[in-house]
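Let's take a friendly walk through a protein model together. Have the sequence and the 3D view ready, and follow along one heading at a time.

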Amino acid sequence: MIFHQIATARGCQSYLIGCSEQRSAIIIDPELTLQDNYLALLAKEGLRLHYLLDTHTHADHFSASQALAKRLQVPVIMHRNSPAPFVSFHVDDGEMIRLGSLKLEILHTPGHTEDSICIYVEDRVLTGDTLLLGGTGRSDLPGGNPEKLYNSLFNRLLYLPPETRVYPAHIYSNRQYSSISNELATNPRLQISERAAFIQQMNNLNLSMPDHLSEALRTNLSGGKTVAGLIAEAAEKVPFMSLSEVALRIQSKSPDILLLDVRESDAFRQGRIPGAIHIPRGQLELQVNDRLQDPTQRIVTYCQFGKISTLAAATLKQLGFDRAVALDGGFNAWQEQGYPINN
Ligand SMILES: [Fe+2]
């Protein structure tokens, strides 16, 4: 078995498992920003991806399953209770996925979410957010249920052989894995093994909401895009121009650029790059025919932070302004670096 644990900056763990004989692979809990890392790892290991799998509907990170499935034409596996429309392969408790000569057993372990599964393969179990190192998944987010979590842990997962290695979907320490016996002995939440007391413990954790909760749930449930994803997609289609290049050009006699400020009117009124014209992003499609009459003109869009301007430049390109460019940085950066401003 080929086994890679891939961590993101915020402690989310994804896993690449490959059959060393038949070179088939699965990626479990892929994260949106690591797509190229997974592809590079597959290539380096000489593996062909057969499946993507999410252990549950994540509320705290953005799944790359849909995007990778589209790119590589492989099915996305989730539990049959998963509502995500891009899941093409539903599994349930006690079923098994074949991956070359490997057998991946599915345990349905609801509690953190209704669609939580654990994957048991050879000497290890990928526990998703059901069992963490020294903790458990929370049960207070949408779909969570402490009573079901109790059953999933004490009547299912913890019955695996004690030496089974435990690989969770989140790690908040510098350990990489644990074992069932170690968790049974040391995990503080598992020391309360009486049902009612366990549920009471879970109901009184008073955890703060994870960052990006609504955006993660929205995109992971629906297959919709994140705002960052939308901007990254636009950034792949437009060139950028640096602040210093724009500054040089507006000082020259033939700047060969039209600066387009796409911020709201108040921001434009308070200060702008000299020579800029103004069409708020929300008005772009409405005003484009009147205000931008030369489709061959090189238009440099800018906004406050250098994000929305990327979307505006991509829209302009779609509308036929083939030379639309986005400023690399926003008005804030322009101001911070002491370039001239008109009020
Ligand atoms: Fe989770």
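## What helix α3 packs against

The buried residues of α3 pack against β11 (131-132), β12 (135-136) and α5 (195-203). Which residues of helix α3 (residues 146-154) are buried? They are P146, K148, L149, Y150, S152 and L153. Here, "buried" means that 20 or more other C-beta atoms lie within 10 Å of a residue's own; 12 or fewer makes a residue exposed, anything in between makes it partly exposed, and the C-beta atoms are placed from the backbone. Helices (H or I, at least four residues) and strands (E, at least two) are DSSP runs, numbered from the N terminus.

Before you go on, note that this is a predicted model, where local features need pLDDT of at least 70 and side-chain atom pairs count only at pLDDT 80 or more, while totals for chains, interfaces and linings use all residues. Residues are numbered from 1 along each chain as its sequence is written.

## The whole protein

The protein has twelve helices and 19 strands. Its C-alpha atoms fill a box of roughly 75 × 50 × 35 Å, taken along the principal axes. Of the 343 residues, 39% are buried.

The domain assignment, which is automatic or from a database, gives domain 1 (2-224) and domain 2 (228-336). Taken over C-alpha atoms, the centres of domain 1 and domain 2 are 42 Å apart.

## Two helices that cross

Two packed helices are described by the angle between their axes and the distance between the axes. Helix α7 (residues 227-235) and helix α11 (residues 308-318) pack at about 50°, with their axes 9 Å apart. Axes are lines fitted to C-alpha atoms, for helices over the stretch in contact, and angles run from 0 to 180 degrees between N-to-C directions. This angle makes α7 oblique to α11, because angles under 35 degrees count as roughly parallel, over 145 as roughly antiparallel, 65 to 115 as roughly perpendicular and the rest as oblique.

Which residues make the contact? From α7 come L230, I231, A234 and A235, and from α11 come T310, L311 and A314. Two residues are in contact if their C-beta atoms, placed from the backbone, lie within 7 Å.

## A look at L72

L72 is found in helix α2 (residues 65-72). Is L72 buried or partly exposed? L72 is partly exposed, because 16 other C-beta atoms lie within 10 Å. L72 and P280 are 208 residues apart along the chain, and their C-alpha atoms are separated by 38 Å.
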